[in-house]
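Let's take them one by one and check each against its rule.

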Amino acid sequence: MNSDTGTGTVLAGDHAAAPCGPYGERLLHGWYDTGRTADLTEHLGRYGPVPLSSARSRGAAMPLVRAVEEAGLTGRGGGGFPTGRKLRSVAGGKGPAVVVANGMESEPASHKDEVLLSLAPHLVLDGAVLAAVAVGANVVHLCVPRTRATQADQLTAAVAERRRARLDPVPVKVHTLPHHFVSSEETSLVSWLNGGDARPLATPPRPFEKGVGKRPTLIGNVETLAHLALIARYGSAWFRESGSPRAPGTTLVTVSGAVAHPGVYEIPAGSPVPTALSRAGGPLGRLGAVLAGGFFGSWLPVPLSTTAPERGAGVLVALPEGTCGLAETAAALEYLAAQSARQCGPCRFGLPAVAEDFAALARGTADARRIDRLHHRLGLLPGRGACSHPDGGARLAASALRVFADDVHRHVHAGPCRAAYAPLVLPVPAARPPEEEEWR
């Protein structure tokens with residue numbers, strides 16, 4: 001772990017053909033050797049040249065697409081969609097395609113993409129360019145939040161460094177977008193790049209059919225693209241040496257809360273939660289629950305299961321025993337309600353109503369009838385919005401009602417616990433007034 005960045009990496013599988021530092025890391029290989037971002041010369045010396053020939057032949061053999069499919073790489077942005085299938089769908093479209101590298105990372109409890117772009121920007125750019133060649137794209141758009149202006153400048157410099165070296169056959173453009181929770185949704189990126197607001201669009205069509213400039217568009221999380229760059233170099237069999245048959249490879253996870261060393265760690269995909277927590281030095285005392293997947297995820301009860309969580313954007317937050325999980329959830333739901341695009345009923349009315357009911361529960365002012373109404377509302381939200389924003393809020397709230405069921409009973413019948421007014425463990429950002437919001 002580096003004390004300046006709060007970042008750590010964990011052993012991934014070693015391989016004779018692939019570079020490995022003393023810790024066997026993959027995505028952040030070599031960072032321990034220097035403690036700083038690698039420039040282009042160091043990057044190419046560490047990983048070797050960009051294997052553009054492996055990505056060519058759109059619509060023919062598509063060797064890179066086939067290798068990604070055989071590797072079993074899935075999206076690392078939270079959705080988990082098979083990357084090879086996305087590549088093949090875009091490559092099969094009509095006309096020149098577009099590639100969008102999604103580094104928005106709107107999840108407040110996640111820092112993995114920020115860390116990856118800071119420490120290994122050229123690995124992400126390698127993957128984006130390789131994907132562009134594979135699908136027949138003539139431009140790459142790298143999107144990062146406007147709140148990370150310094151990082152945007154560093155990425156712009158990295159792109160210029162590659163341009164001077166005549167490394168990339170397609171141009172790469174760095175964009176800074178308004179930072180809202182929903183602005184990282186893939187159709188929000190399409191809308192903004194097409195000159196609109198960074199708000200989700202109703203689908204269909206999906207971006208792979210008609211996205212930026214009405215062209216077939218591949219949108220990939222920056223971590224996913226970095227993995228793609230390694231698969232292009234070392235192959236699918238190497239990628240599968242880590243992880244499990246159902247979840248091959250490695251993945252970055254942000255671990256925070258009541259652990260000894262909060263930070264970003266690289267772990268084998270499909271690892272159970274206790275394994276990930278142990279990489280961060282283990283829990284600081286007894287835990288009350290763990291939030292897996294961030295604000296769109298679910299609370300997990302303790303003792304923790306030895307199976308991997310089904311969903312998630314690479315986030316684990318360890319909640320100390322004695323903390324009020326209902327108050328933590330209420331604060332997260334209030335934030336999610338304020339962060340909606342306010343374009344459809346479930347976000348304009350449903351999610352705020354759920355947040356209000358949960359706030360009353362946390363304060364100890366909700367009766368049994370209100371809890372019944374809350375359950376009813378949670379059943380109405382999923383699948384009815386223009387995007388998945390209300391679905392994520394409903395998932396978080398429903399998991400809290402299950403995991404903290406004893407607390408729900410006490411809050412309803414005996415009033416709020418003392419911990420309900422304690423400082424939050426979850427990193428809930430302060431909401432901006434609507435008049436101060438910018439979407440363009």
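Q: How many salt bridges does the count come to?

A: The count comes to 19 salt bridges. The rule asks for a side-chain nitrogen of Lys or Arg within 4 Å of a carboxyl oxygen of Asp or Glu. Two bits of background: this is a predicted model, where local features need pLDDT of at least 70 and side-chain atom pairs count only at pLDDT 80 or more, while totals for chains, interfaces and linings use all residues. Residues are numbered from 1 along each chain as its sequence is written, and side-chain values use heavy atoms, with hydrogens and water left out.

Q: Is Arg162 buried or exposed? And what about Asp168?

A: Buried means under 20% relative accessible area, exposed means over 50%, and partly exposed is in between (with a 1.4 Å probe and protein chains only). Arg162 has 1%, so it counts as buried. Asp168 has 22%, so it is called partly exposed.

Q: Which residues form salt bridges with Arg370?

A: Among them are Glu356, at 3.7 Å, N to O, and Asp357, whose closest N and O atoms are 2.8 Å from those of Arg370. Asp357 sits in helix H13 and Arg370 in helix H14, 13 residues apart. Helices here are DSSP runs of H or I with at least four residues, strands are E runs with at least two, and both are numbered from the N terminus. Asp357 has 1% relative accessibility, so it counts as buried. These salt bridges belong to a network that links Glu356, Asp357, Arg370, Arg373 and Arg377.

Q: Why is H6 called roughly perpendicular to H9?

A: The axes of helix H6 (residues 121-135) and helix H9 (residues 222-234) cross at roughly 75° and come within 7 Å. That angle makes H6 roughly perpendicular to H9, because the label covers 65 to 115 degrees, with under 35 called roughly parallel, over 145 roughly antiparallel and the rest oblique. The axes are lines fitted to C-alpha atoms, for helices over the stretch in contact, and angles run from 0 to 180 degrees between N-to-C directions.

Q: What kinds of residues make the contact of H6 with H9?

A: They divide into 12 nonpolar, 1 polar and 2 charged. Ala, Val, Leu, Ile, Met, Phe, Trp, Tyr, Cys and Pro count as nonpolar, Asp, Glu, Lys and Arg as charged, and the others, Gly among them, as polar.

Q: How is helix H3 placed against H9?

A: Helix H3 (residues 63-71) packs on H9 at about 105°, with the axes 10 Å apart. That makes H3 roughly perpendicular to H9 as well. Leu64, Ala67, Val68 and Ala71 of H3 meet Leu228, Ile231 and Ala232 of H9, where contact means heavy atoms within 4.5 Å. The residues here divide into 7 nonpolar, no polar and no charged.

Q: How many aromatic pairs are there, and what makes the pair of Phe181 and Phe296 tilted?

A: The count comes to 5 aromatic pairs. Phe181 and Phe296 lie 4.8 Å centre to centre, with 50° between the planes. Rings of Phe, Tyr and Trp (its six-membered ring) pair if their centres lie within 6.5 Å; planes under 30 degrees apart are stacked, over 60 edge-to-face, and the rest tilted, so 50° lands on tilted. Phe181 has a relative accessible area of 7%, so it is buried.

Q: Why is the pair of Tyr234 and Trp238 called edge-to-face?

A: Their planes are 65° apart and their centres 5.0 Å, so the angle passes the edge-to-face cut-off. Tyr234 and Trp238 are both buried.

Q: How do you know that the peptide bond from Val302 to Pro303 is cis?

A: Its omega is near 5°. Pro303 is found in the loop between E8 and strand E9 (315-320).
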